[in-house]
Amino acid sequence: MALNFDNFVRIVFGDANVSISKETDQIIEKSFRFLQKFAKNKIIYGVNTGFGPMAQYRIDDSDQKRLQYNLIRSHASGSGEPFDEKIVRAAILCRMNSLSQGKSGVHPDVIYLMRELINNKVTPLIFKHGGVGASGDLVQLAHLALTLIGEGEVFYQGARRKTADVFEQLGLNPLQIRLREGISVLNGTSVMTGIAGVNVYYAERLLDWAVKFSIAINELVQSYDDHFSEPLNNAKLHPGQREIAKRMRNYLSDSLRTKKREEYLYKGTHNERVFKEKVQEYYSLRCVPQILGAVYDTIAQTKQVFLDELNSANDNPIVDVATEQVYHGGNFHGDYISLEMDKLKLVITRLTMLSERQLNYLLNPKINDLLPPFVNAGKLGINFGIQGVQFTATSTTAENQTLSNPMYVHSIPNNNDNQDIVSMGTNAATLTNKVIENAFEVLAIEAITIAQAIDILGAKGLSSVTRSWYEDVRARIPFVKEDIVFYPYLKDIKNLLK
């Protein structure tokens, strides 16, 4: 089955149910029947051979099913914190979609049971640590496979429980291995791909908030509007820059606070030796289309790579019914996702850095020449305004900068050097997810600060876009005059942004 991004979002974030078409069911069944017949008297990896460097050992017919169960149990060896429900839901969907291409020779029961996990909101216990991103997400997907055979643990209705107990409660039967259902579940990129899809979804939200906060600050300082004008930004050919500038114009279409340069600086006589008002704003206000344009283009590229991987058969070997052959290779390798996650991580960190600089602009009266220090509405010297919260934004931005070192070039050979070059794609995707979480924290602080600045200035004529999110923020945190404990509000505003 082919999934587009909207379908992915509806299932993972909207809790929509998954269904399997009759056509897909037939494709899977046909692939299974073909491999079952084709594998007789042939050497097929993962059917009658050992795994990895043990592939040189033939497996007797009587041991073939035992081999699959041994693989699952031995590789369910993850550690660290568990992935959250949305990421696991995304991973199951990605594995289900890959196996539904009819290129893996699995029995349809694998797909049916994955569907039931998603539709019943059963979340297998899958740990963050364990995958090197080649031969697929072996360790993390082993935990999914462990659930499918009725073992291990799951999260269900808010509790961590034994899989067997939840299956009994729901009337679900554990998967019975028939041919290669163990290796087929493990041997793919579906965890890193699921995380990538979640990351893209949140990255698009972060980008939109970054644009909205940028226009709000431009409104506050009543900047000139030519830096996001169509003629200026169309002078460069990057589609992302043009799109961000267009969004800025659209969001500011009903604002009364931006100025036209031709009305202020291109008319009349200007004899001043030193201009009181800035001729151009700081880069963090003026270069938004150029900075966030690069972010936009990277997210768009990453999104396409994610969709390509989502709808691919990332297994080994590949069962091709059309040519009646089984092809051995490396479609489980996660290089595409790994590289894109590193790129996405870089641009989200860049977005975070822009937010932190805009925040500093608002808090420092020496550069904004407009607001009290730390947007402090209380008594200077006694009250602190946003001073304490800025430390959190700076610290979190610095963490993102460190986390943005690439995983893609950090291959470490393992598996007796059978896996002599690996993608580290699962690590890359997981670290990118952390960078995104951090970015939401920094933007939450910026949102609170902008709202504070709006109230201090008594800003009138704001765009409807700015007014709308300002009111949402104010519904969760009051105007700060006397000092308050901020941390509960930071969490509330972060959740609002997400």
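## A tour of the predicted model

Of the 498 residues in the chain, 53% count as buried, where buried means under 20% relative accessible area, exposed over 50% and partly exposed in between, with a 1.4 Å probe and protein chains only. This is a predicted model, in which local features need pLDDT of at least 70 and side-chain atom pairs count only at pLDDT 80 or more, while totals for chains, interfaces and linings use all residues. Residues are numbered from 1 along each chain as its sequence is written, and side-chain values use heavy atoms, with hydrogens and water left out.

Colouring by secondary structure brings up 20 helices and seven strands, which are DSSP runs numbered from the N terminus (helices H or I, at least four residues; strands E, at least two). Among contacts between residues at least 6 apart in sequence, 78% join residues at least 24 apart, a contact being heavy atoms within 4.5 Å.

Next, select Phe8, Met114, Leu144, Leu148, Leu292 and Ile450, the residues with the most contacts inside the largest nonpolar core, which has 138 residues. Such a core is a set of buried Ala, Val, Leu, Ile, Met, Phe, Trp, Tyr and Cys residues joined through side-chain atoms within 4.5 Å. Helix α9 (residues 190–220) gives the most to this core, with 19 residues. Centre the view on Leu292 and, leaving aside residues up to four places away in sequence, its contacts are Leu207, Ala210, Val211, Ser214, Ile244, Leu351 and Leu354. A second, separate core of 10 residues can be found by selecting Phe32, Ala39, Ile44 and Val319, which are among its members.

Now show helix α3 (residues 64–75) with helix α6 (residues 138–148), whose axes come within 8 Å and cross at roughly 115°; axes are lines fitted to C-alpha atoms, for helices over the stretch in contact, and angles run from 0 to 180 degrees between N-to-C directions. Here Ile72, Arg73 and His75 of α3 meet Leu138, Val139, Ala142, Ala145 and Leu146 of α6.

Finally, select helix α15 (residues 335–363) and helix α18 (residues 425–457), whose axes come within 9 Å and cross at roughly 15°. That angle makes α15 roughly parallel to α18, since angles under 35 degrees count as roughly parallel, over 145 as roughly antiparallel, 65 to 115 as roughly perpendicular and the rest as oblique.
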